[in-house]
Amino acid sequence: MSRVIIAGAGIVGLSTALSVRRAGFEVAVRERAPRIRETGAALGVWPHTIRELERLGLGARLAEIKAEPSSVRYRDFSGAELAATGMPPGRTVYRPRLGALLASAVGADDLRTGKELVDYAEDRDGVTVYYADGDHERADLLVGADGLNSRVRAILAPGSESRHQDGHHVWRAVLPFDGEIGDGCPVLGRDRTRGTLVRFADGSCCWVIAQFGTTTDTTRTGKEEALARVSNLHDGTWPFALREVVLATPEDSVLHSRVAVVPPISRWASDRVVLAGDAAHAMSPHIGSGASLGIEDARVLGECLGRAGITPALAAYQHDRIARYRHVRRYADAMAAASTPLSYVERFSEYLNWLHAPATR
């Protein structure tokens, strides 16, 4: 049986393990962190993502992630509804819960932590992977699912380093909160600010505040930075408990990220090495489908490997994915450039309907 090493045990790496296992490969997932731990908070998933997870054999267990319905409506900072015709319904998932479900499905025997990939050497018969602890191992195929700052991508496609995006910052947290929070509609506010406040099935709340073209004040904490932007999202005249929930958040629970992206790259694969997920195409989270697209990568890679030998399968996967993401980037750029909240919603709706069109699956 052919063997594949997957660098990265995030949602995409784990999904890839399940997909290529179904194609008949022995899988070995290697994670550089000392333990499996998904960072982040809420994760939006769309109907086609649920279908992808069902294809991976998780249908009977999806109830465990308790995905909550997501509104297909949006509001502006005054509470006025911004309607978009025909937007497909979404679900909101607590990201660590989905990661844990995928890790359980892969199984502890095929997953090792504390294995930071530092180099690999490819030859006609396979690939040797080298780790920071001095260890190395051999496989028929290496998948780089090691995220935004992928070491595999750096070797495969030199000069493809990630770059920060237009002063784009995100603050977020998950916490217990018993009060009313509002209806969960995402808000598209002033000064290119976006935010949401949702409740998970276990009663906890997740809030996210993002802003384009902004700078941060190094004298303020992450919580203070988030609070400074609440007025862009809520004028105080309608039910939306964002300020109250942020105030109730412990300072050390606030996650802050300066958003970075991976520039378009022309090479996703060699004869024995291939990229998936953010390692290949990290884009701004304003498209709301990064994990969904990565899970789709996993499915396409597995299907290609199930139909052909490794080298032609990787070539077919690269051809499919580069063409696919050329369109995704066009939509992402259009959403980033939207001048009004309503134009953003209209462009997002257009993108989601394209994403879910039968011809694209």
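View 1. The model shown here and in every view below is predicted. A disulfide is a covalent bond between the sulfur atoms of two cysteines. To count as one here, the two sulfur atoms must be within 2.5 Å. A search of the whole structure finds 0 disulfides. Cys 205 is buried, with a relative accessible area of 0%. Cys 304 is buried too, at 4%.

**View 2. Helices α8 and α9.** Helix α8 covers residues 290–307, and helix α9 covers residues 310–336. Their axes come within 8 Å and cross at roughly 150°. An angle over 145 degrees counts as roughly antiparallel, and α8 and α9 are therefore roughly antiparallel to each other. The crossing of α8 past α9 is right-handed. On the α8 side, the contact is made by Leu 293, Gly 294, Glu 296, Asp 297, Val 300, Leu 301, Cys 304 and Leu 305. On the α9 side, the residues are Ile 310, Ala 313, Leu 314, Ala 316, Tyr 317, Asp 320, Arg 321, Arg 324, Tyr 325 and Val 328. By class, this contact has 12 nonpolar, 1 polar and 5 charged residues. Cys 304, one of the α8 residues in the contact, is the buried cysteine at 4% from View 1.

**View 3. Helices α2 and α8.** Helix α8 also meets helix α2, which spans residues 47–58. The axes of α2 and α8 come within 10 Å and cross at roughly 35°. α2 passes α8 in a left-handed crossing. From α2, the contact takes in His 48, Thr 49, Glu 52, Leu 53 and Arg 55. From α8 come Ser 292, Ile 295, Glu 296 and Arg 299. These residues divide into 2 nonpolar, 3 polar and 4 charged. Glu 296 takes part in the contact with α2, and Glu 296 is also listed in the contact of α8 with α9.

**View 4. Helices α1 and α3.** Helix α3 runs over residues 95–106, and helix α1 over residues 11–22. The two axes come within 9 Å and cross at roughly 30°. That makes α1 roughly parallel to α3. α1 passes α3 in a left-handed crossing. α1 contributes Ile 11, Leu 14, Ser 15, Ala 17, Leu 18 and Arg 21. α3 contributes Arg 95, Leu 98, Gly 99, Leu 102, Ala 103, Ala 105 and Val 106. The residues of this contact divide into 9 nonpolar, 2 polar and 2 charged.

**View 5. Ser 15 in helix α1.** Ser 15 lies in α1 and belongs to the contact of α1 with α3. Ser 15 counts as buried, at 0% relative accessibility. Not counting residues up to four places away in sequence, Ser 15 touches Leu 56, Leu 102, Ile 295 and Ala 298. Of these, Leu 102 is an α3 residue in the contact with α1. Ile 295 is an α8 residue in the contact with α2.

**View 6. Trp 207 in strand β16.** Trp 207 sits in strand β16, residues 204–211. Trp 207 is buried, with a relative accessible area of 0%. Leaving aside neighbours within four places in sequence, Trp 207 is in contact with Trp 171, Arg 172, Ala 173, Leu 175, Thr 196, Leu 197, Ala 226, Leu 242, Val 245, Val 246, Thr 249 and Val 254. Glu 224 is 17 residues from Trp 207 along the chain, and their C-alpha atoms are separated by 14 Å.

**View 7. Pro 250 in a loop.** Pro 250 lies in the loop between α6 (242–247) and β17 (255–261). At 40% relative accessibility, Pro 250 counts as partly exposed. The C-alpha atoms of Pro 250 and Ala 173 are separated by 9.0 Å, although the two are 77 residues apart along the chain.

**View 8. Asp 191 and Arg 192.** Asp 191 is found in the loop between β14 (187–188) and β15 (193–199). Arg 192 is found in the loop between β14 and β15 as well. Phi of Asp 191 is near 55°, a positive value in a residue other than glycine. Phi of Arg 192 is likewise positive, near 55°. Asp 191 counts as exposed, at 55% relative accessibility. Arg 192, at 37%, counts as partly exposed.

Key. Residues numbered from 1 in each chain as written. Predicted model: local features only at pLDDT ≥ 70, side-chain atom pairs only at ≥ 80, totals over all residues. Heavy atoms only, no water. Axes fitted to C-alpha atoms, helices over the stretch in contact; angles between N-to-C directions. Helix = DSSP H or I, 4+ residues; strand = E, 2+ residues; numbered from the N terminus. Parallel < 35°, antiparallel > 145°, perpendicular 65-115°, else oblique. Left-handed = near helix turned anticlockwise from the far one by under 90°. Contact = heavy atoms within 4.5 Å. Nonpolar A, V, L, I, M, F, W, Y, C, P; charged D, E, K, R; others polar. Buried < 20%, exposed > 50% of the residue type's maximum accessible area, 1.4 Å probe, protein only.
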